[in-house]
Amino acid sequence: MTKETYLATKTKPFFSPDTPAHIIHKYRHLQRIDQRKTRDEQKVDMVICDIRRVASNLNIPKDVQDYAINLFLKCVRQLKPPSLYYHYFYACASLIIASRTHGRKAPVTLQEILNEFNRLGVKITIKRVFRTLREISEKLKIKPRIKDPKDYLLRIIDETFNLDEVKNKLNRRGVDAQLYKQKVIIEAIKLLNKTKKETKGRRPITVALATIYGAEKIVAYKLGIRPVITMNNLSTIIGSHGAQFRACYAKVFKKYVIKETKEEFYRNYVNKNT
């Protein structure tokens with residue numbers, strides 16, 4: 001019986017009438033093993049179960065989960081958390097570091113990870129997370145990588161184009177959704193490369209949202225159709241009012257969108273008629 005199977009048994013209703021007898025026998029055996037463990041070992045097992053649960057809810061790949069669990073175990077061994085709450089602080093920080101280390105493989109934000117832990121009944125504040133990250137950085141010499149806006153692009157674009165409202169608009173305009181999505185991705189990468197210096201210090205998720213909004217406007221103009229993605233659509237994806245990315249778009253990206261659409265207008269209309 002693997003460790004993953006053992007941890008999974010704690011979250012499944014093994015005593016339902018439909019459960020086979022040999023599964024119940026294995027579960028009883030695992031219960032006896034668990035009873036022989038110390039309280040600290042039981043705490044660690046419980047927190048690892050919750051790391052798996054949070055990561056699964058956020059669609060984080062298994063190799064990123066394993067990285068986070070190994071880092072959490074290292075924190076437990078070397079930093080000696082005094083209580084169960086500190087176990088969860090290290091678990092949350094480990095998952096954040098793992099997602100940042102693997103970049104595009106785990107395009108989740110710090111706030112999303114915090115929200116999932118809060119749903120489990122573990123109240124962790126952003127201030128506490130930053131303290132824990134600093135502690136891990138200083139004592140274990142592990143510095144979390146800063147997320148890049150490109151890490152979020154594919155995830156946000158995929159989720160946006162799966163919205164019914166966006167699909168209906170594309171159908172009414174007679175546009176191939178896959179081709180349109182690819183053009184938005186290419187245009188978004190171009191915009192990000194142009195605005196690297198101007199977006200320094202801004203939240204990567206904010207920059208990614210503003211980039212997608214601007215890139216889609218450019219693509220729509222080139223195809224001669226009205227834009228299909230609204231700011232409300234993008235706000236739905238991140239689950240907030242989106243005031244930050246609206247401000248980011250207005251301050252950084254709007255001038256590039258206007259410039260690009262003007263150049264396209266001159267290329268297609270003015271130069272042909274002169």
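This is a predicted model: local features need pLDDT of at least 70, side-chain atom pairs count only at pLDDT 80 or more; totals for chains, interfaces and linings use all residues.
Colleague: In which helix is L71 found?
Modeller: The place to look is the run of residues 62-79, a helix. L71 lies in that run, and the helix is α4.

Colleague: Is L71 buried or exposed?
Modeller: The relative accessible area of L71 is 7%. Buried means under 20%. L71 therefore counts as buried.

Colleague: How far apart in space are L71 and I142, C-alpha to C-alpha?
Modeller: In sequence, L71 and I142 are 71 residues apart. Even so, L71 is in contact with I142, as well as with S94 and I97, once neighbours within four places in sequence are left aside. From C-alpha to C-alpha, the distance between L71 and I142 is 9.6 Å.

Colleague: Why does N233 count as buried?
Modeller: N233 is found in helix α12, residues 231-238. The cut-off for buried is under 20% relative accessible area. N233 is buried because its relative accessible area is 4%.

Colleague: Which residues is N233 in contact with, leaving aside its neighbours within four places in sequence?
Modeller: Contact means heavy atoms within 4.5 Å. With the sequence neighbours within four places set aside, the contacts of N233 are L163, E165, V166 and V228.

Colleague: How many disulfides does a search of the whole structure find?
Modeller: A disulfide needs a pair of cysteine sulfur atoms within 2.5 Å. Across the whole structure, the number of disulfides found is zero.

Conventions. Residues are numbered from 1 along each chain as its sequence is written. Side-chain values use heavy atoms; hydrogens and water are left out. Helices (H or I, at least four residues) and strands (E, at least two) are DSSP runs, numbered from the N terminus. Buried means under 20% relative accessible area, exposed over 50%, partly exposed in between (1.4 Å probe, protein chains only).
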